[in-house]
Amino acid sequence: MATETVQIALDRNWKLISGAVGGALLARTLSQFDAQFYVGSSAPSSTEVNRRATSVFRVASQADKVWARCARALSDTLQVTRVVDAGNPALPNPQPVTLSNTTIPAGAEPLSALGQFVGLVEGDEVTGISPNDGRVLLSPDRTGLLVGRSSRADGTFDLTVRIRNTLAEPNRRSVTLTISLGAGGGGVTPPLTAAIYGLVTKTADGSVGQTYTGPAWSGIQWYRETLAKPKTRTAIAGATSRNYVATADDLNTRLVMGGTDAGVAKFATTWAIVLPAPIVIESFDSTANFLTTTAGNPALSIDTTEKVQGTGSLIAASQGVGNRLMKSIGPLTAIPGVGNLAGLGTLAWLAEELDPYSGKSNENTLRLDQTGSTPASGGSMTGANNANVHKGKFWNSVRPDQLAFLQAKDPAQAWKFSYDRSSSTAAPQAQKVRLDAMVAKADCRSKLLLRFDDGYRIDEVIAELVKRNMRATAYIPSQKIITATSSSIMRWSHVIEAQAAGIEIQADGTPTDGSMVLGAANPAEAVALLKQCRSEIMANVPGADPRHFCYPNGHTDIYLANSPNPAPDHRTYADAATGSSGSASITGMVTSKMTGMANGMKVGGFGVQPGTTVQAFDSSAGTMTLSLPLTAALSSIAVWDDSHPFFLDKLQDAIRADGTFYTGSTVTVDSFHSRFGFAGRALLRPAGSMANGGVGNATPEQLAANAIARMDAAIARKESLEFYLHQVQEGATFIHTPLSTFITFLDAVVARQDAGLIDVVTASELWAVDGGASFPA
């Protein structure tokens with residue numbers, strides 16, 4: 001068979017300029033592309049010219065319809081190898097395809113090699129297997145099979161292997177292999193997999209003193225499993241019933257229950273590890289002994305009906321002037337279980353904004369100092385700062401022992417904490433806040449969630465994850481998959497294969513990956529689109545049950561949709577004002593800042609009753625009349641328009657009311673604390689990028705270093721974090737991530753996993769361990 005090379009020139013619209021094509025074409029794949037071109041004797045249709053359907057160019061002769069693969073040079077020229085032989089290219093020397101080994105031995109490690117394909121010929125590519133249920137997996141290079149993640153009973157099953165040949169026509173065939181499972185089921189399920197979630201439950205946060213309950217098996221034995229590799233399990237003497245109460249001996253281990261289920265030996269594990277019981281530093285059950293920097297401000301009261309611990313929660317109502325809420329906690333040496341600064345561990349507190357829209361963002365600053373007066377700024381620590389979060393309780397946390405200012409302080413002397421309420425008389429922030437529980441030793445088990453958005457092909461990603469026995473989550477836009485024409489976008493077969501390889505399938509916020517806020521008329525319509533995406537995924541991906549989603553473009557509300565990163569101030573007015581108790585008249589407003597005000601807008605501030613609106617105003621005089629009288633004098637006020645259907649938290653309220661979805665993932669860069677549950681913030685989980693975006697210019701090495709630094713910071717703070725990614729390929733720019741960046745980051749993750757510092761989880765696994773968690777009673 002002789003060959004020769006011809007040149008085919010294309011214009012910018014992929015139309016043929018010159019070049020003759022005849023007979024059957026044969027071409028080697030030199031690279032991956034995202035467009036196609038139909039070569040024929042007649043001009044191609046616009047559909048054929050512009051479709052972006054496969055990963056390579058498809059070229060055919062008009063005469064015999066034979067397809068071949070071609071590569072595009074930088075000069076917009078296709079270089080094609082043309083077969084001169086007149087014969088029809090059939091499969092060269094077809095042979096039966098077998099597997100070098102078809103028996104999974106008892107106790108085989110998941111993802112270990114099972115066997116190599118024998119009998120593949122030039123041009124053969126293995127495209128898939130069926131059933132693709134996790135018992136076996138294709139190797140990353142698709143030249144063999146790996147032991148799967150799923151345990152099965154003894155016996156055999158038939159496996160269909162689908163093969164495509166790029167050099168022949170017809171080019172598809174399949175073979176059937178019989179796979180045997182050795183005694184004991186073969187392919188033992190590893191201890192850390194989602195397949196066994198739900199078999200072990202825990203009370204509260206699973207810390208010392210909490211109860212773990214396993215399934216109703218016989219021959220039960222509980223074990224302690226170490227976190228760092230090589231992992232070992234040690235039987236716990238006397239722990240032979242379904243219920244087990246964690247003790248101090250179990251600290252920083254993972255509890256595992258072994259037993260026999262219908263004659264099969266099994267182990268049930270949990271992602272949670274046993275942590276020290278949290279120590280309450282301040283319960284906020286009383287207003288006694290609290291100090292403020294401004295007399296009478298803030299006003300304090302106790303709510304005995306709303307609390308997570310103790311007998312109540314404290315409500316601080318601020319006038320919006322510079323002030324801090326302070327209280328002494330005495331010497332650290334006098335606090336049982338603490339003793340010194342490092343003994344505090346992670347310091348966490350539960351807060352809730354009760355006048356949420358008067359401020360721009362949630363309160364997140366705590367000061368700690370050894371002083372008889374106001375804690376100094378050197379002891380100021382900032383927790384998570386989520387600008388698009390307003391309503392709902394929120395666990396925040398800091399690490400005092402990381403602050404050099406505090407490390408030199410004497411633990412035997414009295415210490416004091418303070419919460420900053422507002423630093424300016426001109427810009428009221430949090431007007432009213434509920435505080436409930438400030439606790440030491442609130443360390444989380446650090447967890448990492450890797451999320452892949454928009455339905456991009458992640459073949460290379462999956463190969464790298466499989467090599468490291470690591471899982472991830474893909475958020476799938478169903479209609480984008482259904483209507484895909486680009487080779488860079490998944491088809492349902494790709495989604496199914498990804499799921500079999502350990503990628504959890506969840507829902508994109510909309511079927512098309514469009515904005516949930518800009519693509520719907522109201523939250524009800526947005527929820528309907530989100531549920532449509534879930535339904536279409538379930539109809540096409542067996543076993544998928546999306547209960548978690550991501551917000552396309554991070555659009556959680558109309559303000560972020562119109563001006564994301566950072567979110568603009570939603571308030572029309574947030575500045576000085578004067579009003580007296582019992583009066584509805586406001587004076588002393590800054591006239592230049594009253595632009596855009598309108599009657600009916602909402603009003604908030606110290607002494608402002610819930611539901612108060614603007615009844616009338618005069619921007620030239622700086623005056624305003626409220627719909628309801630004040631209950632106390634004020635010195636600043638906030639005004640906002642909440643009429644838009646996607647005003648701040650309205651979308652989250654609608655999703656929460658529907659009840660189908662448990663968590664929503666945003667694009668806010670921060671780690672998060674979830675040991676005691678997500679409180680009111682499950683639908684606004686923060687996630688950061690591993691790409692440059694539209695403004696960055698970091699090298700792949702710098703991107704990896706930045707991501708690793710953020711992971712290490714989360715580990716140091718004993719918090720969790722999430723990264724969102726789109727396409728991952730070498731040379732990627734903009735919102736996409738270079739493959740080398742991702743591989744470097746994964747290797748860093750593996751090192752920290754092996755050291756027992758972090759767990760890599762999927763969205764449902766994160767929810768399984770922390771979604772139902774609570775503060776210990």
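These legends describe close-up views of aromatic rings in a predicted model. Residues are numbered from 1 along each chain as its sequence is written, and side-chain values use heavy atoms, without hydrogens and water. Local features need pLDDT of at least 70 and side-chain atom pairs count only at pLDDT 80 or more, while totals for chains, interfaces and linings use all residues.

**View A. The aromatic pair Y223 and F267.** The whole structure holds 21 aromatic pairs. Rings of Phe, Tyr and Trp (its six-membered ring) pair if their centres lie within 6.5 Å; planes under 30 degrees apart count as stacked, over 60 as edge-to-face and the rest as tilted. Y223 and F267 are edge-to-face, with 5.8 Å from centre to centre and 65 degrees between the planes. Y223 belongs to strand β16 (residues 218–225) and F267 to strand β20 (residues 264–269), 44 residues apart. Helices (H or I, at least four residues) and strands (E, at least two) are DSSP runs, numbered from the N terminus.

**View B. R233 over the face of F267.** R233 is 4.4 Å from the ring centre of F267. A charge sits over a ring if NZ of Lys or CZ of Arg is within 6 Å of the ring centre and within 35 degrees of the ring normal. F267 is partly exposed, because its relative accessibility is 39% (buried means under 20% relative accessible area, exposed over 50%, partly exposed in between; 1.4 Å probe, protein chains only).

**View C. The pair Y357 and F647.** The ring centres of Y357 and F647 are 5.0 Å apart and their planes stand at 75 degrees, so this pair is edge-to-face. Both residues, Y357 and F647, are buried.

**View D. An aromatic cluster.** F284, F290, W349, F417 and Y419 make up one aromatic cluster.
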